[in-house]
Amino acid sequence: SDALVMFEIVGARAATLMAMACSLDLHPSVFAPPRTARTGFAGVGALLYRYGDGFRVHVDSTLIVHVREWLEQAARLLPRDRQCLPDGATPASQRR
């Protein structure tokens with residue numbers, strides 16, 4: 001559906017970035033597949049779940065710019081050599 005856009009948060013620091021974005025305990029022993037959650041993420045409502053080695057986050061498509069910019073700014077706070085972006089900041093629907 002065009003109502004939601006999905007971000008994939010992947011990489012060595014994905015869990016750290018996710019912890020910055022939401023207050024859920026995302027440790028694999030607590031938040032393992034197939035568990036999903038509706039929660040606040042980067043200041044907006046989101047649906048999130050683990051996927052592969054990372055996470056998928058779905059937000060309203062009208063919030064794509066806000067969430068992408070938030071992720072990019074948060075990633076700059078992470079150590080440069082271990083960033084989980086740019087993949088994490090690119091909506092899956094916009095990848096080529």
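How many residues lie between β2 and β3 in their hairpin, and which residue in the turn has a positive phi? There are 2 residues between the strands, and Ala42 has the positive phi, about 55 degrees.

## Basis

This is a predicted model: local features need pLDDT of at least 70, side-chain atom pairs count only at pLDDT 80 or more, and totals for chains, interfaces and linings use all residues. Residues are numbered from 1 along each chain as its sequence is written, and side-chain values use heavy atoms, with hydrogens and water left out.

## The sheet

The sheet is open and has 4 strands, in the order β1-β4-β3-β2. Pairing is antiparallel. Strands here are DSSP runs of E with at least two residues, and helices are runs of H or I with at least four, both numbered from the N terminus. Two strands pair if DSSP finds at least two bridges between them. The edge strands, β1 (4-9) and β2 (36-41), each pair on one side only. From one strand to the next, the twist averages 30 degrees.

β2 and β3 are joined by 6 bridges. Phe41 has Val44 in β3 as its bridge partner.

Strands β3 (residues 44-51) and β4 (residues 54-60) share 5 bridges. Tyr49 stands opposite Arg56 in β4. These two strands also form a hairpin with 2 residues between them. In that turn, Gly52 has a positive phi of about 60 degrees.

## The helices

Helix α1 (residues 14-21) lies across β1, β2, β3 and β4, at about 35 degrees to β4. Helix α2 (residues 64-77) lies across β1, β2, β3 and β4 too, at about 15 degrees to β1. Axes are lines fitted to C-alpha atoms, for helices over the stretch in contact, and angles run from 0 to 180 degrees between N-to-C directions.

The two helices, α1 and α2, pack at about 120 degrees, with their axes 10 Å apart. That makes α1 oblique to α2 (under 35 degrees is roughly parallel, over 145 roughly antiparallel, 65 to 115 roughly perpendicular, the rest oblique). Leu17, Met20 and Ala21 in α1 meet Trp70, Leu71, Ala74, Ala75 and Leu77 in α2. Contact means heavy atoms within 4.5 Å.

## The core

The largest nonpolar core has 24 residues. Such a core is a set of buried Ala, Val, Leu, Ile, Met, Phe, Trp, Tyr and Cys residues joined through side-chain atoms within 4.5 Å. Buried means under 20% relative accessible area (1.4 Å probe, protein chains only). Residues with the most contacts inside the core include Phe7, Met18, Phe41 and Val57. Elements β1, α1, β2, β3, β4 and α2 each give two or more residues to this core.

Val57 touches Phe7, Met18, Phe41 and Leu48, among others, not counting residues up to four places away in sequence.

Key:
Buried means under 20% relative accessible area, exposed over 50%, partly exposed in between (1.4 Å probe, protein chains only).
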